[in-house]
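Here's a quick briefing to read alongside the model. Have the structure open and follow along, topic by topic.

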Amino acid sequence: MTGDLSGGDLSRLRRLNALAVIGVLRGEPALTLTEVARRTGLSRASTEDVVRELLERGWMIEAEPTAGTVGRPARRYRFHADAGRVLGVDIGGHKILAMVADLDGAVTHSGRVAVTPQMGRRQRLAAVDRAVGAVLADAGLAAAEVWASGVATTGLVDATGRVMLSEALPEWTGVNVASHVGRLVSGPVLVENDSKLAALAESWRGVARYAKDVVFLLAGLRTGAGLIIDGKLHRGFGNAAGEIGALPAARWVQAVEHLRSWPGDDPAADPDAAVEDLFLAARDGDRKAGLAVRRYVKDLAAGASALVLTLDPELVVIGGGFSRSGDLILEPLRRELDRWCVRTPEIRVSGFGDEGVALGAVRLALDHVDSVLHGPGELVDPKHFLTGERPRTRIEP
């Protein structure tokens, strides 16, 4: 910018420069001033000014010198990812998984509590309390030190964090998840459907990170879907996008029954363990187990084909707990899609296992932090994310 600049224009320019420096440092081990200047396009003098300001505010720190360097090493700087922490929680039918991550999204602590689909809301919420309390204790964090929390849950969720409809969990419809988790931690609590957040995790750090249009299949004891369109999570007008499992013709409700019916002689057995045994048997050549898997995939493909025909995605991702047995699902699913789809996209298996939903919840929390950081107004110090106070000084030229 040149010419007659007002103080407000200069302040805005300085803020944009600071955000540009933060942007190039995030996700990098450490960079020198020269490297930062080259990547941002700023002059050396401007880069020095911005780096000094960000060091003072706590958004970046000086990295330790590289071991074995001859002579005086150039100073290197990195984003201060440890300045804050976010929380991600997956409230599922069979587990509550909580994760604490730094501002780069690196998970530092995690913990899970086993639950069952038959639990009532009080029992499940108590399990959420235990999981969150335990992971915060392991991380050495007080509730007030959590900048933001993302929470994933089954069912349709409204903008306030209330579950509008949950067919998978009894008594879960109507629960205000955001309000409950907000009692456990400080900072905003954002709630979203689990399949959508699993899709977000894949687009962030998973096998879909280079794809723009993606159909994500949450394959587990319950089947769901999330859509990525033009690189962004697609929620739909009423946050119900991807809920094709509600259509009986999609056959997703009955798909899992093929797996649960094998061997079918121990209704008290843990369902996750029983399905895992089935997949192991199918891999070992058991004909009945193999038939159950093929029937499951055939029903899974019914709804998946409808989504593929509608979206024409670049990629289909198989995630969720059953993705650990993706070697048994991938090829049969491809053959089924070949039968029904005009064009069969690439199909890949997630590497996150049953942790993808919680990782998506972490990303949801980080997105909120980023929206505050990149929003209009002053560039605050990290500590103001905790106190909510307005900073006493602006970044000025």
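Before we start on what covers what: contact here means heavy atoms within 4.5 Å. Keep in mind that this is a predicted model. With that in hand, the covering of helix H7's buried residues includes strand E11 (214–218), strand E12 (224–229), helix H8 (271–283) and helix H9 (287–311).

**Helix H7 and its partner H9**

- Start with H7 itself, residues 252–260, where Trp252, Ala255, Val256 and Leu259 are buried. These four sit on the same side of H7, because they cover an arc of only 85° around the axis.
- How do H7 and H9 cross, and at roughly what angle? Their axes come within 7 Å of each other and cross at roughly 165°. That makes H7 roughly antiparallel to H9, since angles over 145 degrees are counted that way.
- As for handedness, the crossing of H7 and H9 is left-handed.
- On the H7 side, the contact uses Trp252, Gln254, Ala255, Val256, His258 and Leu259. Their counterparts in H9 are Ala292, Val293, Arg295, Tyr296, Asp299, Leu300, Gly303, Ala304 and Leu307.
- Further along H9 you'll find Thr310, which counts as exposed because its relative accessibility is 70%, and the cut-off for exposed is over 50%.
- Thr310 lies 104 residues from Gly206 in sequence, and the C-alpha atoms of the two are 23 Å apart.

**The five-stranded open sheet**

- Go across this sheet and you read E6-E5-E4-E7-E10, five strands in an open arrangement with mixed pairing.
- At the edges are strand E6 (107–114) and strand E10 (189–193), each of which pairs on one side only.
- From one strand to the next, the twist averages 15°.
- Helix H6 (residues 194–205) packs on the sheet, where it touches strand E7 (146–153) and E10. The direction of H6 makes about 100° with that of E10.
- Strand E5 (residues 95–101) pairs with E6 in the antiparallel sense, over seven bridges. Look for Leu97 and you'll see it opposite Arg112 in E6.

**H6 against H11**

- H6 also packs with helix H11 (residues 356–373), at an angle of about 80° and with the axes 7 Å apart. The two helices are therefore roughly perpendicular to each other.
- H6 brings Asp194, Leu197, Ala198, Leu200, Ala201 and Trp204 to this contact. From H11, the residues involved include Gly356, Val357, Leu359, Gly360 and Ala361.

- Is strand E14 (residues 315–319) mostly covered or mostly open? Mostly covered: five of its five residues are buried.
- Leu315, Val317 and Gly319 point one way from E14, while Val316 and Ile318 point the other way, and all are buried.
- E14 pairs with E11 in the parallel sense over five bridges.

**A spot in helix H1**

- Asn17 is found in helix H1 (residues 7–25). Why does Asn17 count as buried? Because its relative accessibility is 15%, and buried means under 20%.
- Setting aside neighbours within four places in sequence, Asn17 is in contact with Leu42 and Val50.

Technical notes
Residues are numbered from 1 along each chain as its sequence is written. This is a predicted model: local features need pLDDT of at least 70, side-chain atom pairs count only at pLDDT 80 or more; totals for chains, interfaces and linings use all residues. Side-chain values use heavy atoms; hydrogens and water are left out. Buried means under 20% relative accessible area, exposed over 50%, partly exposed in between (1.4 Å probe, protein chains only). The arc is that of the directions from the helix axis to the C-beta atoms. Two strands pair if DSSP finds at least two bridges between them. Axes are lines fitted to C-alpha atoms, for helices over the stretch in contact, and angles run from 0 to 180 degrees between N-to-C directions. Angles under 35 degrees count as roughly parallel, over 145 as roughly antiparallel, 65 to 115 as roughly perpendicular and the rest as oblique. A crossing is left-handed if the near helix is turned anticlockwise from the far one by less than a right angle, and right-handed if clockwise.
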